[in-house]
Amino acid sequence: MAARKFVDKIKPTFSKGGKLGFLESTFDAFETFLFVPNTTTVRGAHIRDCNDMKRTMSMVIIALLPALFFGFYNVGYQHSLSIGVEQGFWADFWFGFLKVLPIIVVSYVVGLGIEFAVAQMRGHEVNEGFLVTGLLIPMVMPVDVPLWMVALGTAFAVIFGKEVFGGTGMNVFNPALMARAFVFFAYTPQMSGASVWIAGLGKGEGVVDGFSGATCLDYLAKDGTLGNFSPCDAFLGFIPGSIGETSTLAILIGAAILLFVGVASWRTMVSVFVGGLAMGYFFELLGVTAYPAWWHLVIGGFAFGAVFMATDPVTSSQTNAGKYIVGFMTGAIAIMIRVINPAYPEGMMLSILFMNALTPLIDYFVVERNIKRRQNRVKLAK
């Protein structure tokens with residue numbers, strides 16, 4: 001193969017002792033991106049089958065595409081509604097693509113730039129983990145977020161959310177959610193309110209009278225309704241929200257892909273939905289809420305968090321029992337935050353980050369319990 005021969009020919013130049021040996025990590029990153037490496041991991045996350053990290057990350061990116069592509073269209077569609085002009089599917093899709101593309105580019109340029117720099121300084125390999133994180137960060141952001149905030153959030157996530165822990169496979173918290181949490185709490189006005197979810201709405205660019213960019217979660221927290229939207233609108237995704245989080249249907253298509261290829265855990269995924277539904281019905285039973293509990297599952301970032309964030313192979317539970325526990329608590333705490341704290345209607349981000357911190361402890365007790373059970377079996381056998 002011509003490409004393989006060319007890479008092998010120039011490889012000595014970028015190896016130790018070569019003229020450009022100081023760029024060994026960078027060259028290795030491009031080589032492993034083009035070709036399957038013949039090495040195995042020595043620490044962090046391990047895949048014990050024919051897959052490697054590159055194939056795993058590629059499957060996650062493919063699973064994200066339905067939600068991302070719908071996000072492109074919905075950005076344009078919501079903009080069309082705000083100005084009272086029906087532009088058509090492809091016009092809306094193209095408008096959304098042009099609005100979202102700079103956010104994606106900034107996320108990848110900043111994140112990969114830091115990862116390449118750190119790898120060069122440490123003399124380590126560049127891992128493929130940010131290929132997914134770099135796409136997740138834009139998808140959990142509002143479309144009108146300033147690009148410099150995306151850059152700051154991405155830098156914070158990579159440096160303090162991953163590299164300080166030792167890099168890919170060693171981080172405690174989900175990096176994409178770390179980026180969103182940093183931007184949200186540091187620049188709250190630019191990450192909340194009705195104007196941030198619709199492109200151009202905050203600038204008042206010919207917005208029709210009576211149009212509001214408020215999300216279903218905003219309406220739910222204020223008066224217990226979905227506002228001008230129906231549950232079907234929320235499920236399909238024709239509502240304001242973060243770029244990749246509006247369409248539950250597109251997210252479930254991504255979930256099916258992840259489960260089919262065996263990348264994500266169905267135990268965690270299902271447990272998050274069960275936990276959220278159980279807590280929703282609990283509040284409904286107490287009379288705290290008057291709307292159907294299942295509404296929580298199709299609005300906000302609940303489905304996106306359950307499918308793509310809570311199942312992160314690094315920060316999620318590593319034991320089967322732990323997956324059920326962590327998943328259930330993640331969903332339950334998310335709904336608890338939504339209902340008890342109306343000032344912060346979206347609780348999925350905080351719930352997942354909170355459970356990221358508790359997951360190692362839960363896994364520890366699960367493993368200890370299994371050890372004690374086996375010890376008791378041995379004693380009984382004697």
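Visitor: What does serine 212 touch, not counting residues up to four places away in sequence?
Guide: In this predicted model, serine 212 touches Ala194 and Tyr219.

Visitor: Where is serine 212?
Guide: Serine 212 sits in the loop between helix 7 (175-186) and helix 8 (216-223). Its C-alpha is 9.4 Å from that of proline 240, and the two are 28 residues apart in sequence.

Visitor: Why is serine 212 called partly exposed?
Guide: Its relative accessibility is 30%. Buried means under 20%, exposed means over 50%, and partly exposed is in between. Serine 212 therefore counts as partly exposed.

Visitor: Why does glycine 200 count as buried?
Guide: Its relative accessible area is 6%. The cut-off for buried is under 20%, so glycine 200, at 6%, is buried. Glycine 200 also lies in the loop between helix 7 and helix 8. Glycine 200 and aspartate 144 are 56 residues apart in sequence, with C-alpha atoms 7.3 Å apart.

Visitor: And tyrosine 344, what makes it buried?
Guide: Tyrosine 344 has 9% relative accessibility. Buried means under 20%, so tyrosine 344 qualifies with its 9%. The residue is in the loop between helix 14 (320-340) and helix 15 (348-381).

Visitor: Which residues does tyrosine 344 touch, leaving out those up to four places away in sequence?
Guide: Tyrosine 344 touches Phe184, Ile337, Arg338, Met349 and Leu350. Alanine 221 is 123 residues away along the chain, yet the two C-alpha atoms are separated by 8.6 Å.

Visitor: Why is helix 13 said to be largely enclosed by the rest of the structure?
Guide: Helix 13 covers residues 302-309, and eight of its eight residues are buried, so it is largely enclosed. They are Phe302, Ala303, Phe304, Gly305, Ala306, Val307, Phe308 and Met309.

Visitor: Which residues touch the most other members of the largest nonpolar core?
Guide: Leu64, Leu136, Ile299, Phe302, Phe304, Phe308 and Met309 do, in a core of 90 residues. Helix 3 (residues 53-83) gives the most to this core, with 10 residues.

Visitor: What is phenylalanine 304 in contact with, beyond four places in sequence?
Guide: Phenylalanine 304 contacts Leu64, Leu136, Met139, Val140, Gly244, Glu245, Ile251 and Met309.

Visitor: What makes helix 5 mostly covered?
Guide: Nine of its 10 residues are buried. They are Phe130, Val132, Thr133, Gly134, Leu135, Leu136, Ile137, Pro138 and Met139.

Visitor: How does helix 5 cross helix 4?
Guide: The two axes come within 9 Å and cross at roughly 145°. The crossing is right-handed. Helix 4 contributes Ile103, Ile104, Ser107, Tyr108, Gly111, Leu112 and Glu115, and helix 5 contributes Phe130, Leu131, Gly134, Leu135, Ile137 and Pro138. By class, that contact has nine nonpolar, three polar and one charged residues.

Visitor: At what angle do helix 4 and helix 6 cross?
Guide: Helix 4 (residues 89-122) and helix 6 (residues 147-161) cross at roughly 35°, with axes coming within 9 Å. This crossing is right-handed. On the helix 4 side are Pro102, Ile103, Val106, Ser107, Val110, Gly111, Ile114 and Glu115. They meet Leu147, Val150, Ala151, Thr154, Ala155, Val158 and Ile159 of helix 6. By class, the contact has 11 nonpolar, three polar and one charged residues.

Visitor: How do you know that the length of helix 6 agrees with its 15 residues?
Guide: At 1.5 Å a residue, helix 6 should span 21 Å. The expected span uses one less than the number of residues. The end C-alpha atoms of helix 6 are 20 Å apart, so the two values agree.

Visitor: Which residues of helix 6 are buried, and what do they pack against?
Guide: Met149, Val150, Gly153, Thr154, Ala155, Ala157, Val158 and Gly161 are buried. The buried residues of helix 6 pack against helix 4, helix 5 and helix 7.

Key: Residues numbered from 1 in each chain as written. Predicted model: local features only at pLDDT ≥ 70, side-chain atom pairs only at ≥ 80, totals over all residues. Heavy atoms only, no water. Axes fitted to C-alpha atoms, helices over the stretch in contact; angles between N-to-C directions. Helix = DSSP H or I, 4+ residues; strand = E, 2+ residues; numbered from the N terminus. Left-handed = near helix turned anticlockwise from the far one by under 90°. Contact = heavy atoms within 4.5 Å. Nonpolar A, V, L, I, M, F, W, Y, C, P; charged D, E, K, R; others polar. Buried < 20%, exposed > 50% of the residue type's maximum accessible area, 1.4 Å probe, protein only. Core = buried A, V, L, I, M, F, W, Y, C linked by side-chain atoms within 4.5 Å.
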